[in-house]
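Trainee: Could you walk me through how to read a model like this one? I would like to start with the strands.

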Amino acid sequence: MSIAARFEVRFTAFLDAQGQPLGPLPAFAADPATLVPDYRAMVLMRALDAKAVAMQRTGQIGTYASTLGKEAIDAGIAHALAPEDVVLPSYRESGILMLRGVSPHRVFLYWGGDERGSVFPESPRDFPFNVPIASQLPHAAGVAYAMTLRGERRAALAICGDGATSKGDFYEALNAAGVWRLPMVVLVVNNQYAISVPRRLQSAAQTLAQKAIAAGVDCEQVDGNDVIAVRDAATRSLERARSGGGPMLIEALTYRLCDHTTADDATRYRSAEELAGQWRAEPILRLRNFLASRGIWTKEKEENLHREVAERVRETVRKYLETTPPQPEQMFRHLYARLPRAYAWQLAALKESEEERDAAPHPG
Amino acid sequence: MPRLTLVEGINLALARAMEEDASVVVLGEDVGRNGGVFRATAGLQARFGEGRVADTPLAEGLIAGMAVGMAAEGLKPVAEIQFAGFAYAAIDQLLNHASRLRHRTQGRLSCPMVLRTPCGAGIHAPEHHSESPEAMFAHIPGLRVVTPSSPARAYGLLLAAIADPDPVVFLEPSRLYRRFKEEVEDDGEALPLDRAFVVREGTDLTVVAWGAMVHDALEAADALAGEGVFAEVIDLATVKPIDFDTVLASVKKTGRCLVVSEAPRTCGLASEVSAVVSEQGLLSLLAPVERVTGWDCVTPLARLEARYLPDAARVAAAARRLLAYQ
């Protein structure tokens, strides 16, 4: 007997839960000031998220998927992306899109039930939120294939959750990326739950990262609550992908501090003790402790930041609420490049029924 | 002008499109070196390279999903699914993504892709190789579904499908692949989509068909002509959206409508044609609209497929019933 193959999965963390370095930091963190924009982004992300949840509770937006707890992943990844890269998000990636320049009021519009929320003039090649699970990964393979065929120095970044790694699309896309050495990075946000189903019931694999190995794709695992670790892995992976080094899978370990969506109640399937323990490892406090320990973050800066963020949240809500409601014709707009003649009468009938509705006497 | 089979017409259109537009790429199982199991892509990889004619891993969902990504990123992918019976794994991508990407981004991204697949019974193929799933695709808003009935139409419609800015499912009747030859001029001229073709003019009844059944309809029309009954035969060609202007104009002239479809009867496209003709052509009708379809059963294995498929005799018999109706 001989060994046909061996593998190992590297895990990287740079900061402990209290924000103290576990060892030498990567070069970019030598000047901790470079992490301040990440910190600011994470605080903004959490504030916008809290506002979105509050607005759902008061009926101002629809069901919303909170991002609470994954702020370090969004900030770290966004820092590593180049404008010409393409992001293919799941539905929990409001933060990354915002950091790509997409106005956050679009996120509110999307969850508020308006297709115009997926119009990203600021980042026009990025894909919209992907609600079906893992089906954006084959898209990423196609995007990366197009980049390779045209000889471009760009990469596709697909983001999915732990549950997505159980799906065929996940493996099919990784497998294709491996075969063609595509410039594709898959980021698995392992937040330990697929709605109520915990990580241990999702897969018997020791790590989710290692699923890439079966596809001949390199992988690593990072502490997803450590922005330095995420940024380090994402920067290396994306740069390698752009320069022809092939695909990569990053599993970022984190914890969903929120319900799955505003329609979920996580107390049905996990304990208060578990949640409280995870709050002690959350990403924002960790980074703040680190920055404070290096003397570059103060109480005054924190207070100023909170004032700025509050203003940004107000502005976002204002832009969202000021957006004119979608008109019924929007259902047919952009359905096809040109609405086929066979369906034009339906649009006309819709308009007619709307006019009748408007003309009808108001009930009561 | 060369005389080509339908599958050669497909091959010629693919080569032409790839020659004229560097963004056109072909992908699928066995489409490269092998040239496709039906040889629809024969010679393309040698001519245009492995990058533009890609043998994919064996995964239909991946093929359709990659095509979505390629199309959104500016390529014009023409994906092949080896048989329609395996296209169901790709429906998720067509339904949830390809068909709605333009709308859900309000025109920011779009999906100009073609998904080709052989369809239909009659070639004595194994299980899952003989399905007629056009209605399943036709139910998806945002898609187009096109099916050719002849080599020249295959050439012109496939060029049109590739040029179209929206996703097109292109269903190729496998039993027509090599059934007959026709003159096909390689002029790069696309045929119009969303338009039905009157393939035989007549006065007494309208027979609506598409794909391989167009030939059974024509054969029936020949038989009926011998009895002094002149059937007008319409090839829908684009089965989503359906060109009802052409169908209703014909029914207005003939007063009778017979719809012929190979697919199972319930909720098939023949039902849709029948419904619209009944709704909008009622005052022209001298008899109820009739459907001749496949049975509501699993497409049988080879020994019974001839019993499953509607044929010219069933079409002619239905036509005679319509003519006798009073």
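Trainee: In what order do the six strands of the open sheet in chain A run?

Mentor: Two strands pair if DSSP finds at least two bridges between them, and strands (E, at least two residues) and helices (H or I, at least four) are DSSP runs numbered from the N terminus. Here the order is β1-β7-β8-β4-β3-β2 of chain A, with parallel pairing. This is a predicted model, in which local features need pLDDT of at least 70 and side-chain atom pairs count only at pLDDT 80 or more, while totals for chains, interfaces and linings use all residues. Residues are numbered from 1 along each chain as its sequence is written, with chains lettered from A and ligands numbered from 1 in the order in which they are written.

Trainee: Which are the edge strands?

Mentor: Look for strands that pair on one side only: β1 (11-12) and β2 (86-88) of chain A. β2(A) joins β3 (156-161) of chain A in the parallel sense through three bridges. To see this pairing, find A:Val86, whose bridge partner in β3(A) is A:Ala156.

Trainee: What angle does helix α8 of chain A make with β8(A)?

Mentor: Axes are lines fitted to C-alpha atoms, for helices over the stretch in contact, and angles run from 0 to 180 degrees between N-to-C directions. α8 (227-242) of chain A runs at about 170 degrees to β8(A). This helix lies across β1, β3, β4 (184-190), β7 (218-223) and β8 (248-253) of chain A.

Trainee: How many residues of chain A and chain B are in contact?

Mentor: Two residues are in contact if their C-beta atoms, placed from the backbone, lie within 7 Å. By that test, 35 residues of chain A meet 38 residues of chain B. On the chain A side, α5 (136-149), α6 (168-180) and α12 (341-359) each supply at least two residues. α5(A) gives the most, with nine.

Trainee: And how is chain B divided into domains?

Mentor: Domain bounds come from an automatic or database domain assignment. For chain B this gives domain 1 (3-183) and domain 2 (197-324). Their centres, taken over C-alpha atoms, are 26 Å apart. The contact between them takes 25 residues from domain 1 of chain B and 21 from domain 2 of chain B.

Trainee: What about the domains of chain A?

Mentor: Chain A has domain 1 (11-322) and domain 2 (331-359), with 39 Å between their C-alpha centres.
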